[in-house]
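Hi,

As promised, here is the structure I mentioned. Have a look at it first, then read my notes below.

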Amino acid sequence: MKKTIQQLFFILLYFVIGLSVQAQTKAEANGWKLAIQSYSFHRFTLMEALDKTQELGIKYIEIYPGHKLGGKFGDKVFDIHLDEATQEELKTIAASKGIQIVAMGVAVQNNPEDWEKLFQFAKNMGMELITSEPAINDWDLIDKLVRKYNIRLAVHNHPQPSTYWSPEVLLEQISNRSKKIGSCADVGHWARAGLNPLDCLKQLQGRIGSLHFKDIMPKVEGVNEQHDVVWGNGALNTTELLRELRRQDFDGIISIEYEYNWDNSVPDIKKCIEYYNQTTERIF
């Protein structure tokens, strides 16, 4: 009888594992992690952002420094000064919703001690990547910390006057450094800066650690803002951008950073996810 129960248990276990593997998308099987950048929900607390991420069915989140925690944590914010007990609670709460905190950013530190704290914080939280825009003088230190903690660092490209607004500037700084240092490619910022996002991705081949992925409305004469739109409906050829990542054998985090309809963006983001799933199923 005991043997029969054990056999039934293992049959059930294999069935569950089989369903899990079957449910995995082709993109996931090839190392692509679709995440939410919590800034998409910056008008809400982090606890609410986790709920929205769970509602969307997304397994990963990148949290921006300064995001108010909310809930039982009140006005505490997500940063390197969080006590260890709160760090552990955050990981547990996220895990209970099927979410892993895989990255934080955009994080910038002003002194060597805080850079070390940032990497230690990322290690404690189980993150695999830090998104940042370091000062030029910090590169030697960052290179050492990336190697010491075995945590990747991806450099974000805010528009000018940000230092790293173009791929050339970034490559000049990192070409001789650890391969764990690369770009957090914000394709929308490149387009708004007048650059071709596809060309930028090609320039950075081998150095793309993550993305802040988006689509933006076409440029209209007399209108300054090119706000975010549902993927596949804007000015960026998002399908070709994803194809290029596939060609490069990209293996990393693609964060959804949806910066529009701030108070009710979940329906739009759901459409972005549908587009992403349909497109990646075709290109893999």
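**Helix 3 and its neighbours**

Let's start with a helix contact: L46, M47 and L50 of helix 3 touch L90, I93 and A94 of helix 4. Sorted by type, the residues in this contact of helix 3 with helix 4 come out as six nonpolar, no polar and no charged. Before you go on, keep in mind that you're looking at a predicted model.

How do the two helices lie? Helix 3 covers residues 46-56 and helix 4 covers residues 84-96; their axes come within 10 Å and cross at roughly 25 degrees. Angles under 35 degrees count as roughly parallel, so helix 3 is roughly parallel to helix 4. Their crossing is right-handed.

Helix 3 also packs against helix 11 (residues 266-283), with the axes 10 Å apart and an angle of about 40 degrees. That makes helix 3 and helix 11 oblique to each other, and their crossing is right-handed. Here K52, E55 and L56 from helix 3 meet V266, I269, K270 and I273 from helix 11. The tally for this contact of helix 3 with helix 11 is four nonpolar, no polar and three charged residues.

**Helices 5 and 6**

Another pair to find is helix 5 (residues 112-124) with helix 6 (residues 139-149), whose axes are 11 Å apart at an angle of about 25 degrees. Helix 5 and helix 6 are therefore roughly parallel to each other. The crossing of helix 5 and helix 6 is right-handed. On the helix 5 side, the contact is made by P112, W115, E116, F119, Q120 and K123. On the helix 6 side, you'll find L141, I142, L145, V146, K148 and Y149. The residues of this contact of helix 5 with helix 6 split into eight nonpolar, one polar and three charged.

**The barrel**

Now for the strands. In general, strands of a sheet pair through backbone hydrogen bonds, either parallel or antiparallel. Which kind of pairing do the eight strands of the barrel use? Here the pairing is parallel, and the eight strands close into a barrel in the order 1-2-3-4-5-6-7-10. On average, neighbouring strands of this sheet are turned by 30 degrees against each other, ignoring direction.

To see where the ends of that order meet, look at strand 1 (residues 33-37) and strand 10 (residues 253-256): they run parallel and are joined by four bridges. I36 stands opposite I256 of strand 10.

The unreviewed UniProt entry has "domain: Xylose isomerase-like TIM barrel" over residues 51-264. Over residues 51-264, the chain is 35% helix and 19% strand, and the end C-alpha atoms are 14 Å apart.

Where are the cis peptide bonds? One joins G105 and V106, with omega at about 10 degrees. V106 is part of strand 3 (residues 100-107). A cis peptide bond also joins Q160 and P161, again with omega at about 10 degrees. P161 sits in the loop between strand 5 (152-156) and helix 7 (167-174).

Finally, take a look at N150: its phi is positive, about 55 degrees, although N150 is not a glycine. You'll find N150 in the loop between helix 6 and strand 5.

Cheers

Terms used
Residues are numbered from 1 along each chain as its sequence is written. This is a predicted model: local features need pLDDT of at least 70, side-chain atom pairs count only at pLDDT 80 or more; totals for chains, interfaces and linings use all residues. Side-chain values use heavy atoms; hydrogens and water are left out. UniProt positions are given in the numbering used here, feature names are shortened, and annotations may be inferred rather than shown by experiment. Two strands pair if DSSP finds at least two bridges between them. Axes are lines fitted to C-alpha atoms, for helices over the stretch in contact, and angles run from 0 to 180 degrees between N-to-C directions. Angles under 35 degrees count as roughly parallel, over 145 as roughly antiparallel, 65 to 115 as roughly perpendicular and the rest as oblique. A crossing is left-handed if the near helix is turned anticlockwise from the far one by less than a right angle, and right-handed if clockwise. Contact means heavy atoms within 4.5 Å. Ala, Val, Leu, Ile, Met, Phe, Trp, Tyr, Cys and Pro count as nonpolar, Asp, Glu, Lys and Arg as charged, and the others, Gly among them, as polar.
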